[in-house]
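Here's a quick briefing to read alongside the model. Keep the sequence handy as you go.

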Amino acid sequence: MSDGSSRAERALCRSAFARGPAMVLRGVRVVELAGLAPGPFCGMVLADFGARVVRVDRLGSVGDVSLLARGKRSLLLDLKRPQGAAVLRRMCARADVLLDPFRSGVMEKLQLGPATLLQDNPKLIYARLSGFGQSGSFSKAAGHDINYLALSGVLSKIGRSGENPYPPLNLLADFGGGGLMCTLGIVLALFERTRSGQGQVIDANMVEGTAYLSSFLWKTQHTWLWGQPRGQNMLDGGAPFYTTYKTADGEFMAVGAIEPQFYELLLRGLGLESDELPAQMSVADWPEMKKKFADVFAKKTKAEWCRIFDGTDACVTPVLTFEEALHHSHNRERASFITNEEQQASPRPAPQLSRTPALPSVKRECFVGEHTEEVLREFGFSQEEINQLHSDGIIESRKPKANL
């Protein structure tokens with residue numbers, strides 16, 4: 001990253017530390033059972049905002065497949081054996097949050113269901129993050145983001161005209177409807193606990209989380225916004241003023257000039273006259289208008305279009321790659337991305353809190369099993385007990401090898 005970006009990041013950290021290191025979730029103990037995508041993301045967000053997150057990895061794991069371990073520590077534990085389940089039960093007796101990423105019934109089979117753990121620790125927040133939820137005919141079924149998106153109804157709305165629906169990467173269900181909604185549930189439960197002193201069970205699932213995210217679509221489904229088939233409406237790529245266009249150098253520009261005053265600025269930047277064109281909201285003319293706009297955008301490079309539209313309210317922006325996003329002036333000015341000690345870049349935690357900001361770890365992410373003994377000691381296990389667990393093959397410790 002550039003020196004300017006690095007200076008901005010250092011200034012952000014100095015400013016945050018000047019206000020004090022007390023992040024909003026400081027002191028909250030989270031036990032995260034290792035999983036894929038949404039669970040690890042939820043745990044990372046909690047860690048970014050100050051929670052002490054321990055990830056419990058399966059015995060035999062060779063590495064962290066989630067790559068979302070920032071700020072976490074790792075414990076290797078065999079939960080399939082009664083001794084291993086007993087270890088987790090003792091840990092949960094001292095924890096604030098348990099993050100369970102498994103399908104309905106898995107934890108109950110291990111004798112680690114909510115009824116058991118909440119009896120041990122009535123203040124425990126038992127967060128269950130699954131694809132289909134803890135009940136219903138699909139609750140024990142396997143699935144992935146595309147399946148949850150499909151069952152929520154949202155996938156039917158996404159796609160080009162005349163083409164199959166297509167998933168927008170695995171962001172909506174896994175991370176929006178899943179991980180982020182689960183994080184919200186945990187924070188809500190922590191807040192409620194300050195009043196009642198009691199924990200509770202959170203049933204966060206990606207179908208309902210994604211459906212909830214799409215509330216605007218449900219509320220407006222019978223309005224003019226969605227009166228045309230998929231891909232022919234204003235907000236799904238059908239409108240010439242709300243889509244992307246290819247530039248002369250094979251790059252792309254994003255256009256979102258919905259309001260009339262912004263649309264006028266778009267036309268001005270394109271060198272077009274509004275009185276020579278159909279009305280902006282003439283849906284029948286949209287296909288032809290898209291062709292006209294595409295022809296114009298294809299005559300200049302992305303950089304040339306940026307020079308024309310930057311600083312205007314035309315709602316035209318470049319489609320940036322990850323690398324370009326890192327170096328964009330706006331993002332550098334806000335220190336929107338951070339780099340760890342291994343010079344790997346990632347987005348800074350959001351939202352920004354003025355008094356208790358997130359201070360994400362910039363250390364390398366933990367190795368599987370790196371903190372097994374350290375964590376167990378913190379949760380009240382004696383060295384004799386730890387040695388016995390090692391001897392019985394219930395836990396493993398994997399310290400990183402020193403670079404010679």
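In what order do the seven strands of the open sheet run? The order is S6-S5-S4-S1-S2-S3-S12, with mixed pairing. This is a predicted model, so local features need pLDDT of at least 70 and side-chain atom pairs count only at pLDDT 80 or more, while totals for chains, interfaces and linings use all residues. Residues are numbered from 1 along each chain as its sequence is written, and side-chain values use heavy atoms, leaving out hydrogens and water.

**The sheet**
- Strands here are DSSP runs (E, at least two residues) and helices are too (H or I, at least four residues), numbered from the N terminus.
- Two strands count as paired if DSSP finds at least two bridges between them.
- At the edges sit S6 (200-205) and S12 (395-396), each pairing on one side only.
- S2 (residues 52-58) runs parallel to S3 (residues 72-77), over six bridges.
- Across from Leu 76 in S3 you'll find Asp 57.

**Around S3**
- Helix H3 (residues 82-92) lies across S1 (29-33), S2, S3 and S4 (97-100), at about 145° to S3; angles run from 0 to 180 degrees between N-to-C directions, with axes fitted to C-alpha atoms, for helices over the stretch in contact.
- Ser 74, in S3, is buried at a relative accessible area of 0% (buried means under 20%, exposed over 50%, partly exposed in between, with a 1.4 Å probe and protein chains only).
- Leaving aside residues up to four places away in sequence, Ser 74 touches residues including Arg 55, Asp 57, Cys 366 and His 371 (contact means heavy atoms within 4.5 Å).

**Helix H7**
- Gly 197, with a positive phi near 75°, follows H7.
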